[in-house]
Amino acid sequence: MKNLNFSKRLSLIASGIALTLGMASAQAAPTFGIDPSALGLGGPVGPITVDSMYGTASQLLHTIGNTHEAAGYLSYSTFTLNGSNLGANITGMNFNYGIYLTFTLKDMVTTGAINQPNSINTLTQLSFNMYADPGNTNVFHQATLANEASVDGTGDDIPIAFGELVQGTSSFNSLLGAALNANTTFNLTPQGELFFVDPVPFYDLMFNAFNNTTQAPQFGPNGLVSINAAGVSDFNRVPEPGSLALLALALLGVHAVNRRRQA
């Protein structure tokens with residue numbers, strides 16, 4: 001009876017560890033610190049604590065068979081903390097400087113028919129470069145069916161980060177509203193390490209979620225689709241559950257040995 005009770009306890013402990021790992025991956029985005037003044041951008045002196053970045057993205061999709069290709073930009077408008085927007089007087093964003101990224105992506109339809117209601121696409125490629133815009137002087141041109149999304153006035157911009165696709169999806173809902181969820185790596189340049197100052201080392205994953213109203217996607221001839229959407233980016237670290245996973249395996253191993261002894 002003692003062995004049976006011990007066995008049950010080990011199973012419960014191992015299950016609890018697995019549950020903890022799952023919950024950790026779904027927790028709220030952690031905070032991070034920025035210091036615009038350290039990069040020479042002016043504005044408030046950091047570190048300034050924030051937890052996410054909100055902005056607008058623009059791209060012109062080119063449909064090729066059952067795939068899309070696109071290039072575009074994501075222009076951030078504000079940092080937030082605990083759901084509240086932080087003004088330029090706190091962060092300097094969109095007054096002393098701007099933050100934006102340019103990206104290219106490819107996807108392939110995996111559910112439904114391409115560019116149709118209730119279709120889901122799996123991202124197969126996504127890469128980006130993030131920049132600081134001293135003085136917030138850039139001009140952003142949204143994608144239309146006649147023109148690609150573009151950014152003017154980038155000559156003095158400072159590269160601060162870059163990244164590649166980990167996993168992601170894009171979709172059109174039942175009313176043809178568009179959405180994108182993408183997780184990427186996040187790598188700081190030496191200049192970026194001056195701006196993103198906490199934690200050290202900084203988070204190595206970026207999470208992005210963008211969508212729009214059903215009026216925003218514009219469908220044109222030859223499979224062109226212009227999409228302008230709003231959304232959020234936040235960060236976290238690549239999970240390192242090594243020690244907990246080893247503990248779980250050890251406990252399950254002891255459990256298996258205990259069961260064999262009972263047999």
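Predicted model: local features only at pLDDT ≥ 70, side-chain atom pairs only at ≥ 80, totals over all residues.
Three strands make up an open sheet, ordered β2-β1-β13, with antiparallel pairing. Its edges are formed by β2 (48–50) and β13 (196–198), each of which pairs on one side only. On average, neighbouring strands of this sheet are turned by 45 degrees against each other, direction ignored. Strand β1 (residues 32–34) is joined to β2 by 3 bridges, and the two run antiparallel. Within this pairing, Gly33 stands opposite Thr49 in β2.

**Aromatic pairs**

The count of aromatic pairs comes to 19. Two of these are set out below.

| Pair | Centre distance | Plane angle | Class |
|---|---|---|---|
| Tyr73 and Phe140 | 5.0 Å | 55 degrees | tilted |
| Phe196 and Phe235 | 6.0 Å | 65 degrees | edge-to-face |

Tyr73 lies in strand β4 (residues 67–81) and Phe140 in strand β8 (residues 139–141), so this pair links distant parts of the chain, 67 residues apart. Tyr73 has a relative accessible area of 4% and is therefore buried, whereas Phe140, at 27%, is partly exposed.

The pair of Phe196 and Phe235 also links distant parts of the chain: Phe196 belongs to strand β13 and Phe235 to strand β16 (residues 224–236), 39 residues apart. Phe196 is buried, with a relative accessible area of 2%, and Phe235 counts as buried because its relative accessibility is 1%, under the 20% cut-off.

Phe196 and Phe235 are both members of a cluster linked by ring pairs, which also includes Phe32, Phe79, Tyr97, Phe128, Phe186, Phe195, Phe202 and Tyr203.

How values were computed:
Residues numbered from 1 in each chain as written. Heavy atoms only, no water. Pairing = 2+ DSSP bridges. Helix = DSSP H or I, 4+ residues; strand = E, 2+ residues; numbered from the N terminus. Axes fitted to C-alpha atoms, helices over the stretch in contact; angles between N-to-C directions. Phe/Tyr/Trp six-rings, centres within 6.5 Å; stacked < 30°, edge-to-face > 60°. Buried < 20%, exposed > 50% of the residue type's maximum accessible area, 1.4 Å probe, protein only.
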